[in-house]
Amino acid sequence: MIKNKMKNPLVAKIAKVSKHPYATFIYFGLATVVLLLLQMFTPLIKYSFVGALAQTMCYAIVAVGFSYLLGYAGLSSLGTAGFVGLGSYITVYMLRTYSGMNYFVVMLIVLVVSIIIGLIVGFISLRIEGIFLAIVTLGLSEVFYQVFMNATEFTGGSNGTSFTGEVNIFPGISLGREGVFIMIAVFLTAMIIMTFNLVNSPTGRAMLAMKNSTSAAQAMGISLLKYRLLAFILATIYAAIAGSLLMTFNKYTDPKSWTIMFSLNILAACLLGGTRSIWGIFIGTFFVFGLTPMFLNDIVFLRNNPWLLSTIIGVVLILVLMFYKGGLMQLLHDIKKFVNNKISKRREFKYGKDEI
Amino acid sequence: MDLGLFLQTIVNSFQGIAMYSLATFGIVLIFRTSATTNFAQGAIATFGCYVATQFGVINGMNLWVSLVLGMLTAFALGVIIDNFIIRRGKDVNAAGKQMITMGLLLVFTNIIPVIFSMITITTPATKNFATGSFNFTLLGQDIYWPYQSMICVLLAVVLLGAVFAALKFTKWGLGVRATASNETVAKMMGVNTKVITALSWAIAGALATVAACSMQTVLNPAMMGKAQTYGFLACVLGGLSSFIAPIIGAIIIPVVINFAAIYTSAWAELIMFCIVLLLILIRPNGLFGKKFIKKV
Amino acid sequence: MEKMKSNSKINTLASKIEQLKHKLDLNKALVELEQSKLDDVRKSKVDSFKFKLSKNLLKLERESIPAEELFNVENQKNFVKFDKKLDLEYRAKRQTLRRDENLVDKQNNVTGELSSKAQAELVAFKGELDAKKIAHVEALRAKFKQLQEPKTTQELAQAVSAYEKAQSEADDAAKAFDLELIAKHNEKIEGYKAKVDVKITAMQKGYDESKSELNALQKEDQKSQYQLADDTILKLEHLTMQFGGLKAVNDLSFEVKKGEIFGLIGPNGAGKTTVFNCITQFYKPTSGDVWYKDAKDQVHYLNDYVVHNVIRYGIVRTFQNVEVIAELSILENLLIAAHTQYKTSIFAQMINSPHLKREEILLRRKAQKILKYLKLDDIQDVPPVGMPYGVLKKIELARTLMAGANLIILDEPAAGLNDQETLELAEIIKDIKNEYKVTIFLVEHDMGLVMDICDHICAISFGSKLAYGTPSEIQSNKKVQEAYLGSED
């Protein structure tokens, strides 16, 4: 062997950095920005595609937040729509009333309000039993809907409400459509990195322990109420932030967007992909929210029958829950296993089982 | 508030009480036998209501016959869902069953307007039940009670009375009570829990269908959303450890809403929700619930 | 009886001390961690230094190697690849021959020997392949010869000496560079260590002060407190647990001594697990008191605690029907047990702060040590799914050790184990008691195990105490025999 044949340490270092767990998330964020640039400077991508992408990214934030509840704490909630709507309405109200207000201040207000409401509702319902969270949040969602409909001075009632103008993030810097898109991409990337850290930390493990065995978790010093509440608050925060970001992009919202159907769709998005995998959730969100506006809008039959896709999603959701808890991510995994198995079977057939 | 307004508000709540009691009872029945909460119940009821409307309003069949047909449909749907979906899942826990019913809700809400393409027709109650009201004097105050509401209350009392009697006196009722206290033991004692739970799902669906049909509104897939939501809240409020307590919750909720609506109609439901939360905070196991000890 | 009121001053001081202790531990490990970090940096620096020199060296090295050897070295990969290809061809041929003679079943298993005719054919084919290989090597060699002129011995010797000289120079340079770096890093480490030491001394001082303050407070407090006998670790007094009309535990009192293995026995449904659940606060006793003395001789009135706080004072339990977390690896299952030992805030966890990383490294090391002790270290990264009961029980035991238990409560540790595994378990339990200086309290059906390992036994029936004593006393006790075998009349 030749002793002095060495690999360039720089190359090795770059290879190592690009394999860092954060790297894929950052690539994803950059890829969305590249799509935006393609739309701005080439005719390859349509204007509406980028709009749909931005919305889907916001919904992905909601779904990733929801995975704390579903995948880690083993709970479900139907209040998602209410909190996304809350984020949207607070944002539009602040930006319309105090035009030129710093957006991060608005977001802080959104955060504080949603955390307070989440704490109250979560504390009361989670003290009883895990499955009561869904019931009380269903009630909350209904109440939010009534408020969005009836508090016309704040919400514009059933006609919805909107604001005009740009979004100020720092004094002197305001964002147009493209700027907001990039902001959403940055938020999405930062939040999935945060999620990745948290689910691999003691907190994520404690939640998983709780989901698998409440008694073991308690015996190991994990307070059920604390971690269930934490999961719910995190889901709430993600939902409210996503609602706020969505508002800065759409600049319009109405109560009809925030019914229980939205909550169910988020649940479906989370479950379809696989509740514990960030990429799985992205795929799920894409199927539930992104597929139609991004690609299928040109197919007349589907445009005229929007129920078809939703029904299919519902049926698949039930099947996933009944037989295939890992969702699409597990499916990919199983396909890979199946293909490998087939290949090795073929090799065996051709060359025989025994060695030499 | 004068006495007349007070009494009238209570009488006005009767229809809500009847409807929510019907919805609530189904929820608690399923919770006690299958240990899960059925979020698709409103959707099943809506389906039944559409069937009843199809026969009663569009085909012009007798109103009561069409109502029974609607109930039968929901009954069948309940049996099918319990037998072919809820029971068939591979190691599904309570939260998983709960999510399955959410999936069912998604499917039903999307598929109902496709099967029945009659969007602008009102429920049988609005169309054909008696109009006018029953006027009487109570404690020197003139009160009117719409016949519409009276029929709803009568229906609810008769149906719930029948089901309670069945629970108390029939073999099925004994089975339900046994399953509710401990499913495994009940199974070992020879109770056919499959039949028990299937019947519970069926009866829950049928009762909720009556609630849906007695609603005065334009038909739409989400029409039972509110009734179901308040049914759930009534369950939590009353406590799920007995069959009668949730009904008391279902009485409290519409009364609170109607009284709050006297002062502010826009925020009445928010006020109701806050009051319910406060009551649950004070009594986490429900107003009449018992503490539940989990076996480790 | 006057119940103990938990003294808030003591509690705050105790939690402060706990935090100080934690910080102290972390800081003590700091230098070591910094050292390993610097070592990594040094290694990568030396590597890039060597890489810079390696280009020139490589050229010299190639020149110093005889042509034939160089040919072999350079074409090693090619040879291996070609060999593999030929081997596959050979095996495919053999398989077809077998198939022709129906010697292969559906699962691709070989069922018999080839006929002599086929054997001959196969040998011929092998010869063909060998010829192919020789041709391949020759072709490569011809190509190689065009590029590489053969060298004379003299030339070679010169090249070798030149290479060796260059190599040793390079090695020296690298070594010198390394030494230089080590010196630099040592200096850094020294400075760091001095800084940390100052911090540690200050902390240690604060810790000692707080501790002595706490001790003084405790001593004073203990006078007014309920007292347990010196060697008692757990005391149950008139414990009663009622479910509806049923008394699962009825007026039960006994004591567990420090450092012993204590067994609770009784026929099925005697309420043994209920006693455990009352001690660990999964059930709140209907009446009666549970007293516990922790490792710091602080007495606790357990009835006042919530279930997830019991572990903080060193009471850790296992479960009758093994509760391991199937979605986590075995190592992570142990980290769950160390949950109360993490002090990082949730915000630090979100950004995966260095503090958290340090904690994680230390606790992982601790977990690995325990896994090694219980001989589970080779499966530490596998989730505990579909494993034999014996392994799962061991994981639960490991978890109690990880939690830093003072009193280990085992709920039917031998249930579901075979005789061999039970014997092994008995050894482990005894060993743990001595190695980790803990008290063990167990409920068991397996009389052999209980009589073998326990120092004291309490027998109960229908929630009431039948007898208390050493294993031999219990064995000869009439009441116990009746409860187990039924009375003779």
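Tutor: Let us begin with a term: the radius of gyration is taken over C-alpha atoms, and the globule rule sets it at 2.2 Å times the number of residues to the power 0.38. Please note also that this is a predicted model.

Student: What radius of gyration does chain A have, and what would a compact globule have?

Tutor: Chain A has a radius of gyration of 23 Å. A compact globule with 356 residues would have one near 21 Å, so the value for chain A agrees with the rule. The C-alpha trace of chain A spans about 85 × 55 × 50 Å along its principal axes.

Student: How many helices and strands are in chain A?

Tutor: Chain A contains 16 helices and 4 strands. Of its 356 residues, 49% are buried. Among the contacts in chain A with a separation of 6 or more, 76% are between residues 24 or more positions apart.

Student: And chain C, how many helices and strands there?

Tutor: Chain C has 14 helices and 10 strands. Its radius of gyration is 35 Å, well over the 23 Å that the rule gives for 489 residues, so chain C is more spread out than a compact globule. The C-alpha trace of chain C spans about 105 × 75 × 40 Å along the principal axes.

Student: What share of chain C is buried?

Tutor: In chain C, 25% of the 489 residues count as buried. As for its contacts between residues at least 6 apart in sequence, 72% join residues at least 24 apart.

Student: Which domains does chain C have?

Tutor: The domain assignment gives three entries: domain 1 (8–53 + 165–224), domain 2 (67–150) and domain 3 (232–324 + 384–485). The centres of domain 1 and domain 2 of chain C, taken over C-alpha atoms, are separated by 59 Å.

Student: Changing topic: how many residues of chain C are in contact with chain A?

Tutor: On the chain C side there are 45 residues, in contact with 35 residues of chain A. The elements of chain C that give two or more residues to this side are α1 (8–64), α3 (76–100), α7 (330–337) and α8 (346–350). Helix α1(C) supplies the largest share, 9 residues.

Student: How do the residues on that side divide into nonpolar, polar and charged?

Tutor: The side of chain C that touches chain A has 23 nonpolar, 12 polar and 10 charged residues.

Student: Which residues does C:Leu331 touch beyond its sequence neighbours?

Tutor: Not counting residues up to four places away, C:Leu331 touches C:Arg364, C:Ala367, C:Leu371, C:Gln380 and C:Asp381. C:Leu331 and C:Leu371 are 40 residues apart in sequence, but 7.9 Å apart in space from C-alpha to C-alpha.

Student: How many residues of helix α6 in chain C are buried?

Tutor: In α6 (residues 272–279) of chain C, 8 of the 8 residues are buried, so the helix is largely enclosed by the rest of the structure. Among them are C:Lys272, C:Val275, C:Phe276 and C:Ile279. Just after α6(C), C:Gln281 takes a positive phi of about 70°.

Student: Which residues have the most contacts inside the largest nonpolar core?

Tutor: They are A:Ala231, A:Tyr238, A:Ala242, B:Leu22, B:Ala208 and C:Leu334, in a core of 281 residues. Leaving aside neighbours within four places in sequence, A:Ala231 is in contact with A:Tyr68, A:Leu69, A:Tyr72, A:Ala73, A:Leu75 and A:Met207.

Student: On to strands. In what sense do β1 and β2 of chain C run?

Tutor: Strands β1 (residues 232–243) and β2 (residues 246–257) of chain C run antiparallel and are joined by 8 bridges. C:Lys235 has C:Glu255 in β2(C) as its bridge partner. Their hairpin has 2 residues between the strands, and C:Gly244 takes a positive phi near 60° there.

Student: How many bridges pair β1(C) with β4 of chain C?

Tutor: There are 5 bridges, in the antiparallel sense, between β1(C) and β4 (residues 287–293). Here C:Leu234 has C:Tyr292 in β4(C) as its bridge partner.

Student: And in chain B, how do β1 and β2 pair?

Tutor: Strands β1 (residues 133–138) and β2 (residues 141–146) of chain B pair in the antiparallel sense over 6 bridges. B:Ser133 stands opposite B:Pro146. This hairpin has 2 residues between the strands, and B:Leu139 takes a positive phi near 50°.

Key:
Residues are numbered from 1 along each chain as its sequence is written. Chains are lettered from A and ligands numbered from 1 in the order in which they are written. This is a predicted model: local features need pLDDT of at least 70, side-chain atom pairs count only at pLDDT 80 or more; totals for chains, interfaces and linings use all residues. A nonpolar core is a set of buried Ala, Val, Leu, Ile, Met, Phe, Trp, Tyr and Cys residues joined through C-beta atoms within 7 Å. A residue is buried if 20 or more other C-beta atoms lie within 10 Å of its own, exposed if 12 or fewer, and partly exposed in between; C-beta atoms are placed from the backbone. Two residues are in contact if their C-beta atoms, placed from the backbone, lie within 7 Å. Ala, Val, Leu, Ile, Met, Phe, Trp, Tyr, Cys and Pro count as nonpolar, Asp, Glu, Lys and Arg as charged, and the others, Gly among them, as polar. Domain bounds come from an automatic or database domain assignment. Two strands pair if DSSP finds at least two bridges between them.
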